[in-house]
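I opened a notebook for this structure and wrote down what I looked up, entry by entry.

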Amino acid sequence: MRLPGNANGERVRVAVTTFAGDDRYREHPPDRDLELDTLSILALAQRDAKRHIALTGDYDAVDATLAELTRHKPSGMTDVAAAIGLGIMELSGLSPAAQEEPREDAVRVIDFLTDGMPSLPYAREQAERAARYAARLASDHGIR
């Protein structure tokens with residue numbers, strides 16, 4: 001991320017999050033009829049996604065965080081909606097860890113990497129619906 005005009009990460013900041021929902025939530029009864037709205041997506045984000053490093057221009061810290069994550073085996077279920085929800089929180093300044101207000105001129109992007117298909121909340125069909133809803137919600141917040 002050594003970009004021209006990006007001295008000390010002033011222009012491009014990144015955050016690192018993971019998303020692996022607990023297996024016990026597979027077909028969790030309250031998730032069965034989950035209302036797809038902003039609050040439910042943000043609740044999934046708090047349950048099934050984890051922030052490892054908040055938005056920062058400290059790329060050495062980002063590299064160290066990613067190196068640490070490579071030492072862990074994948075586990076749990078894939079809650080795509082939770083991942084997108086946490087991305088929305090981070091990029092919109094809604095996260096409790098946000099250290100500053102989002103820049104109005106910032107281009108906000110979620111770079112999304114996964115090893116699986118949506119499998120939470122509830123069963124595959126509900127998980128896919130939630131993921132599509134979360135993606136539309138991100139778009140509505142100006143996030144690519």
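**Entry 1: arginine 108**

Where is arginine 108 found? I located arginine 108 in the loop between α4 and α5. I keep in mind that this is a predicted model. Is arginine 108 buried or exposed? Its relative accessibility is 19%, and the limit for buried is under 20%, so arginine 108 counts as buried. I then looked at what its side chain reaches, and found the backbone oxygen of histidine 141 at 2.5 Å. Setting aside neighbours within four places in sequence, I listed the contacts of arginine 108 as Leu91, Ser92, His141, Gly142, Ile143 and Arg144.

**Entry 2: the chain as a whole**

I stepped back to the protein chain, which has five helices and two strands. From the N terminus on, I read the order of elements as β-α-α-β-α-α-α. The chain has 144 residues, and buried residues make up 38% of them. I also looked up how far apart in sequence the contacting residues are. Of the contacts with a separation of 6 or more, 81% join residues 24 or more positions apart.

**Entry 3: helix α4**

Next I took helix α4, which covers residues 80–92 and has 13 residues. From its first C-alpha to its last, α4 reaches 18 Å, close to the 18 Å expected at 1.5 Å a residue. How many residues of α4 are buried? I noted 13 of the 13, so α4 is largely enclosed by the rest of the structure.

I checked both ends. At the N-terminal end, aspartate 79 caps α4, with a side-chain oxygen 3.3 Å from the backbone nitrogen of alanine 81. After α4 comes glycine 93, whose phi is positive, near 75°.

**Entry 4: alanine 81 and the cores**

The relative accessible area of alanine 81 is 0%, so alanine 81 is buried. Beyond its neighbours within four places in sequence, I found alanine 81 in contact with Ile41, Leu44, Ala130, Ala131 and Ala134. I also noted tyrosine 133, which is 52 residues from alanine 81 in sequence and 7.7 Å from it in space, C-alpha to C-alpha.

Which residues touch the most other members of the largest nonpolar core? I wrote down Ile41, Leu44, Ala81, Ile84 and Ile88, out of 22 residues in that core. The elements giving two or more residues to this core are α2, α4 and α5 (124–140). The largest share, nine residues, comes from α4. I found a second, separate core of five residues, which includes Val14, Ile53, Tyr59 and Val62.

**Entry 5: α2 against α4**

At what angle do the axes of α2 and α4 cross? I read roughly 100°, with the axes coming within 7 Å. The two helices are therefore roughly perpendicular to each other. On the α2 side, the contact is made by Ile41, Leu42, Leu44, Ala45, Gln46 and Asp48. On the α4 side, I listed Ala81, Ala82, Gly85, Leu86 and Met89.

I then went through α2 for buried residues and found Ser40, Ile41, Leu42, Leu44, Ala45 and Asp48. These buried residues pack against β1 (14–19), β2 (49–56), α4 and α5.

**Entry 6: aspartate 48**

I picked aspartate 48 from that list; it lies in helix α2, residues 38–48. Aspartate 48 counts as buried because its relative accessibility is 3%. Its side chain makes a polar contact with the side chain of arginine 47, at 2.9 Å. Leaving out neighbours within four places in sequence, I found Thr18, Phe19, Ala20, Gly21, Asp22, Tyr25, Asp79, Ala82 and Leu120 in contact with aspartate 48.

**Entry 7: phenylalanine 19**

One of those contacts, phenylalanine 19, lies in strand β1. Aspartate 79, which caps α4, is 60 residues from phenylalanine 19 along the chain, and their C-alpha atoms are separated by 6.3 Å.

Definitions and conventions. Residues are numbered from 1 along each chain as its sequence is written. This is a predicted model: local features need pLDDT of at least 70, side-chain atom pairs count only at pLDDT 80 or more; totals for chains, interfaces and linings use all residues. Side-chain values use heavy atoms; hydrogens and water are left out. Helices (H or I, at least four residues) and strands (E, at least two) are DSSP runs, numbered from the N terminus. The expected span of a helix is 1.5 Å times one less than its number of residues. Buried means under 20% relative accessible area, exposed over 50%, partly exposed in between (1.4 Å probe, protein chains only). A polar contact is a pair of N or O atoms within 3.5 Å; within protein, one must be able to donate a hydrogen and the other to accept it, and residues adjacent in sequence count only if both atoms are side-chain atoms. Contact means heavy atoms within 4.5 Å. A nonpolar core is a set of buried Ala, Val, Leu, Ile, Met, Phe, Trp, Tyr and Cys residues joined through side-chain atoms within 4.5 Å. Axes are lines fitted to C-alpha atoms, for helices over the stretch in contact, and angles run from 0 to 180 degrees between N-to-C directions. Angles under 35 degrees count as roughly parallel, over 145 as roughly antiparallel, 65 to 115 as roughly perpendicular and the rest as oblique.
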